[in-house]
Amino acid sequence: MRVFSAALLLIALLAAKAALGASPRTNYLLYCSGCHLPSGIGNPPNVPTLHDELGRMMVVEEMRPYLVKVPGSSQTPLTDAELAAVVNWVLLEFNADTLPEDFQPITAEEVTASRETILADPLKYRIQYWKDYDFE
Ligand code: HEC
């Protein structure tokens, strides 16, 4: 019986550790890949790819908050710090070739500020500050 409860405790501890200390990659797989796929290519035109163009967007200041204002990001159960880490991971993992050289990682504080206002119409904001979806 004692061995049994020790095993249960161990499982609970491991689960808690996983929940607290999940890597950005794991959080991406858990909270984003359902739509954007594990490889990040999405399912255009319904779900955009997360490759290359996000990096290009980072030359425009207004597109930094955009990354966390889209509903899939802003409404995720991740904390602001975790979401910042996931978005930075997406940029480095899928956009290394297109990121501006002077790119500064998105901070948790930026996420807190941006996330408060979810975009009801992400495409409208995107066209206003960047450009229309281009799925070529
Ligand atoms: C339920 C499906 C879904 C989930 C889950 C999801 N997204 Fe999305 N994502 C979309 C769709 C659809 C769009 C297109 C804009 C819109 O309609 O919201 C999008 C757009 C985006 C964009 C803008 C892409 C562009 O080219 O304009 C980014 C960045 C993004 N998502 C990041 C994330 C991140 C990071 C997560 C995980 C924390 C996530 N998404 C989770 C469906 C999802």
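## Aromatic pairs

The structure, a predicted model, holds five aromatic pairs. Rings of Phe, Tyr and Trp (its six-membered ring) are paired if their centres lie within 6.5 Å; planes under 30 degrees apart count as stacked, over 60 as edge-to-face and the rest as tilted.

One of the pairs joins Tyr28 and Trp89 and is tilted, with 5.3 Å centre to centre and 35 degrees between the planes. Tyr28 belongs to helix H2 (residues 24-31) and Trp89 to helix H7 (residues 80-94), so this pair ties together parts that are 61 residues apart in sequence. Helices are DSSP runs (H or I, at least four residues), numbered from the N terminus. Tyr28 and Trp89 are buried, that is, under 20% relative accessible area (1.4 Å probe, protein chains only). Together with Phe94, Tyr28 and Trp89 form one aromatic cluster.

## A stacked tyrosine pair

Tyr66 and Tyr125 form a stacked pair, at 5.9 Å centre to centre and 5 degrees between the planes. This pair links distant parts of the chain, 59 residues apart: Tyr66 is in helix H5 (residues 63-69) and Tyr125 in helix H9 (residues 122-129). Tyr66 and Tyr125 are both buried.

## Iron site

His36 (NE2) is the only protein donor of the iron atom of the ligand, at 2.1 Å. Donors are N, O and S atoms within 2.8 Å of the metal (3.2 Å for Na, K and Ca); water is not among the atoms, so sites may look incomplete. His36 is found in helix H3 (residues 33-36).

## Basis of the values

Residues are numbered from 1 along each chain as its sequence is written, and side-chain values use heavy atoms, leaving out hydrogens and water. In this predicted model, local features need pLDDT of at least 70 and side-chain atom pairs count only at pLDDT 80 or more, whereas totals for chains, interfaces and linings use all residues.

Terms used:
Helices (H or I, at least four residues) and strands (E, at least two) are DSSP runs, numbered from the N terminus. Buried means under 20% relative accessible area, exposed over 50%, partly exposed in between (1.4 Å probe, protein chains only).
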